Amino acid sequence: MVSGRVLAGTETGQRRVRLQTQSSATILTSGLHWQEMAVGARFLTGGRTILTSEIRAFVNLAGMIEPLFTNRDRAQDDALHGDVCPGAYVLSVAEGLVLNATVRDTGLALLSLDSRFRAPTRAGDTIAVEIEVTACRGESNGSRGIVTTRNTVRKTNGVVVLDYDVTRMVAGR
């Protein structure tokens, strides 16, 4: 569970929560326009617990018939121990957290994504994403902009499981 205090009087009228951690990130609950995404700004999504049923559904939907994901006995005997989550699912959940926190109703297009998987994620792990704006520029008429972020996915114990750079087209005000 994440605790924090609401920061009042934000110019965008959004609810922002400052975490009571060492992070300087801010939790957002609705989308930002590109003009509100300054280079160096940091945001933190809420947490999300990965469930066994979700892993099974994703594996079946994607057709990932790898025994690591479909054979519980094999997974228990493997060096990874337990219900391992496919990296593609971790990325999907992370993107859902990011989209809902930063570009809900303002995201226009995903332009590029470069990911690096760092550690396994298992059923029962809770993840959250820290987002840092690394580049931001407006298009010629200002009605939309191009925003690049570095997204770091961590388990609640602080272990980084995934980091990725993503560039999106985002609506302007």
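1. Let's start with a definition: rings of Phe, Tyr and Trp (its six-membered ring) count as a pair if their centres lie within 6.5 Å, and the planes make the pair stacked when under 30 degrees apart, edge-to-face when over 60, and tilted for the rest. With that in hand, searching the whole structure turns up one aromatic pair. Its members are Phe58 and Tyr89, tilted, with 5.0 Å from centre to centre and 50° between the planes. Phe58 sits in helix 1 (residues 52-62) and Tyr89 in helix 4 (residues 87-102), 31 residues apart, so the pair links distant parts of the chain (helices are DSSP runs of H or I, at least four residues, numbered from the N terminus).

2. A word on where this comes from: the model is predicted, local features need pLDDT of at least 70, side-chain atom pairs count only at pLDDT 80 or more, and totals for chains, interfaces and linings use all residues. Residues are numbered from 1 along each chain as its sequence is written, and side-chain values use heavy atoms, leaving out hydrogens and water.

3. Back in helix 4, have a look at Thr102. Thr102 is buried, at 3% relative accessibility.

4. Now the cysteines: Cys85 is buried at 6%, while Cys136 is partly exposed at 26%. Taking a disulfide as two cysteine sulfur atoms within 2.5 Å, the count is zero.

Technical notes. Helix = DSSP H or I, 4+ residues; strand = E, 2+ residues; numbered from the N terminus. Buried < 20%, exposed > 50% of the residue type's maximum accessible area, 1.4 Å probe, protein only.
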